[in-house]
Amino acid sequence: MENTSLTRAQRLDQIFGTPVFAVLLAIFCNVLWGCAFPFIKMGYRLFAIDPGNTASIFCFAGVRFMLGSLLVLLGSTLLQSRAPTLPRGRVFAECCALGLWQTTLQYAFYYIAVAMLTGAFGGILNSTQSFLGVIFAHFLYGNADRMTPAKTLGCAVGFAGVLIGTLGNHGGGSGWGVFCMLLATVVFTLSGPWNKSVTKKADSFAVCFLNLFVGGAALFVLGTALGGRLGSVTPLGVLVLLYLAFICGAGYLLWALLMKNNPVSRIAIFGFVNPVVNVLLSAVLNGEPLFRWQYLAALVFVCVGIWLVNKAPTKKEAP
């Protein structure tokens, strides 16, 4: 049985390492993530959740991530022919702590920000994670991931785009919403090295499952304790919630397999798709203005910045 499992794992790695397939899946993942912001806002409307009702917002987020964790179990069964092997002892505790940090804390701020910002403005702010990751990697990984002139220019251009997106009083959202979104991106960026470290000690599917389930359960319990609830349950609302669960479950798994089997530069460059999809869907699904010069200009700057920081690696960069 072990040899069969190993053969399937090797075959899976080979498929995900194929350049054309990897590029298509990287674009698909970023399309999924770009859908999240406008679909969350739609979910608030369908479940009759007031933007100021933080407790109910936490309940909504918690249900989404717990459902997403079940999809991870299904994915593990389909791809590995077995359920993930859960770690024990100290590693199990570390996985749970990671879930509280990466899912509970990050998305507590993120979901509050979604309620207070337009989809376009929030997506542009959220794109700062691409640039913060580059900056933090310079200090965390030393010579293995130093800043280069292209990365420096990319960060400068990207942050300039975010600054343009905030110019003028154009109804993008509140200052508290901006603060929460930026704080969420910092938490997300800092969770990257921790996540990478934990996956070296345990089954990556198990790490993903515990991250989503523990973090989601904590959000749901906190929201319920504060008096939150899902106000109006409709068939369309349930479909949107299931789709959001699919985004976090499938997106997390596919991206982990892509990162494992490809140079980072091959797939990370497609992060520019995320804010583009976010802005377009926010206009289509939620009736937000699309042709506002601050958003369009910011989108161009952010996309160029993401392209610059993820352009082809130098010869010194590890594959």
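Which residues line the second largest pocket? The legends below start there, and they all describe a predicted model.

**View 1. The second largest pocket and its lining.** Here you're looking at about 180 Å³ of space. Around it sit Phe 28, Leu 71, Leu 74, Gly 75, Leu 78, Leu 79, Phe 246, Gly 249, Ala 250, Leu 253 and Leu 254. Two elements give two or more residues each to this lining: helix 3 (54–80) and helix 10 (235–261). Sort the lining by class and you get nine nonpolar residues, two polar ones and no charged ones.

**View 2. Helix 3 from end to end, plus the residue after it.** Helix 3 has 27 residues, so at 1.5 Å a residue it should span 39 Å. The C-alpha atoms at its ends are 38 Å apart, which agrees with that figure. Follow the chain out of helix 3 and you come to Ser 81, which has a positive phi, near 60 degrees.

**View 3. Helix 9, its cap and what comes next.** At the N-terminal end of helix 9, Asp 203 does the capping. One of the side-chain oxygens of Asp 203 lies 2.9 Å from the backbone nitrogen of Phe 205. The helix itself covers residues 204–225, and its 22 residues should span 32 Å at 1.5 Å a residue. Just past helix 9, look for Gly 227, where phi is positive at about 95 degrees.

View 4. Asn 261 belongs to helix 10. In sequence, Asn 261 and Leu 12 are 249 residues apart, yet their C-alpha atoms are 9.6 Å apart in space. If you set aside neighbours within four places in sequence, Asn 261 is in contact with Asp 13, Phe 16 and Gly 17.

View 5. On average the protein chain has a pLDDT of 80, and 83% of the residues score at least 70. Residues 1–5 have a pLDDT below 50, and this stretch makes two contacts in the model beyond near neighbours in sequence. Residues 314–319 are also below 50, with one contact beyond near neighbours in sequence.

Technical notes:
Residues are numbered from 1 along each chain as its sequence is written. Side-chain values use heavy atoms; hydrogens and water are left out. On a 1 Å grid over the protein atoms alone, a cavity is a set of points where a 1.4 Å probe fits but cannot get out, and a pocket is an open set with protein on both sides within 12 Å along at least five of seven lines; lining residues have an atom within 4 Å of a point. Grid points are joined across faces, edges and corners, and a volume is the space filled by probe spheres set on the points. Helices (H or I, at least four residues) and strands (E, at least two) are DSSP runs, numbered from the N terminus. Ala, Val, Leu, Ile, Met, Phe, Trp, Tyr, Cys and Pro count as nonpolar, Asp, Glu, Lys and Arg as charged, and the others, Gly among them, as polar. The expected span of a helix is 1.5 Å times one less than its number of residues. A polar contact is a pair of N or O atoms within 3.5 Å; within protein, one must be able to donate a hydrogen and the other to accept it, and residues adjacent in sequence count only if both atoms are side-chain atoms. pLDDT is the predictor's confidence in each residue, from 0 to 100. Contact means heavy atoms within 4.5 Å.
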